[in-house]
Amino acid sequence: MAPRAGAAPLHASPGAGSRRRSALRAYRDQTSSSITPEEPSASEGAEATAEAAEATAEAGASLAAAARPGRWLVVLSMSAAFILCNLDKVNMSVAVIPMANQFGWTSSDRGLVSSFFFWGYAVTQFPGGFLAKKLGGEKVLYWGVLLWSFGTLLAPWAAHQGMSALCLSRLLVGLGEGVAPAAAIGVLAAKVPVEERSRATTAVFGGLDVGSLTGLLIAPPIILGLGGWESVFYLFGFLGFAWGAWWFFKVLKPTSDAKMAAPATEAAAA
């Protein structure tokens, strides 16, 4: 019997099935691509790398800044060094009186001993500035204090050896103290902001006057109460080495560590 007009065929044609399978595959491909995460582009990867490097650099800079000593700690430490500077300068002015009585010195001998300090002090003024620029004021001041403290400790032994040895010890004191002003100026220029520099300079160089006044006041009681004129040299010399230990561990070493950390920070930033 012939089929009725307008009725749907009982079996689909092969072409229609192929079209349905193609549409299904296209739908699946579209769905899978929509849920697959997109790969970051090259520009986005470079930006992420730059941000990570910047964060590393900031962290390194923070660590380096934390390692550096505070500027006012440095200023007060240098002020103490300048107090010691003039303590070791004026101690001979007081001790020379009992020393002259003991060794039979004339007025010319006393003047000769004092003059050798100033010869040493004058000689290292210019080299002190050159060394401070090349090596850094912190190192130059450190070695200057140790040198003049060594000369101070050496004075009692040298006095018993003779006038020449004593003059040499006073020359060492002058050589060490001669580098101190240039070294201190270099440290202040590097560590203290311009708006605070005048106050810091006053605090540091004011130590010279404090040292002169203090030395003239305390040297006579020290000589009378601690066993003679030798004691004033031993005490002041020991204080200089104690200052050197403080400066090394609180200022010199932290500053060196911060400088060593700087290249690593720059490399991380690059």
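1. Two salt bridges are counted here, where a salt bridge is a side-chain nitrogen of Lys or Arg within 4 Å of a carboxyl oxygen of Asp or Glu. Please keep in mind that this is a predicted model: local features need pLDDT of at least 70, side-chain atom pairs count only at pLDDT 80 or more, and totals for chains, interfaces and linings use all residues. Residues are numbered from 1 along each chain as its sequence is written, and side-chain values use heavy atoms, with hydrogens and water left out.

2. E196 sits in helix α9 and R71 in helix α3, 125 residues apart; helices are DSSP runs of H or I, at least four residues, numbered from the N terminus. E196 counts as buried at 13% relative accessibility, while R71, at 35%, is partly exposed. Buried means under 20% relative accessible area, exposed over 50%, and partly exposed in between, with a 1.4 Å probe and protein chains only.

3. The other bridge pairs K191 with E138, their closest N and O atoms being 3.5 Å apart. K191 belongs to helix α8 and E138 to helix α6, so this pair ties together parts 53 residues apart in sequence. E138 is buried, with a relative accessible area of 9%.

4. Now to helix α7: its 16 residues reach 22 Å from first C-alpha to last, close to the 22 Å expected at 1.5 Å a residue (1.5 Å times one less than the number of residues). Its buried residues include L166, R170 and E177.

Methods. Helix = DSSP H or I, 4+ residues; strand = E, 2+ residues; numbered from the N terminus.
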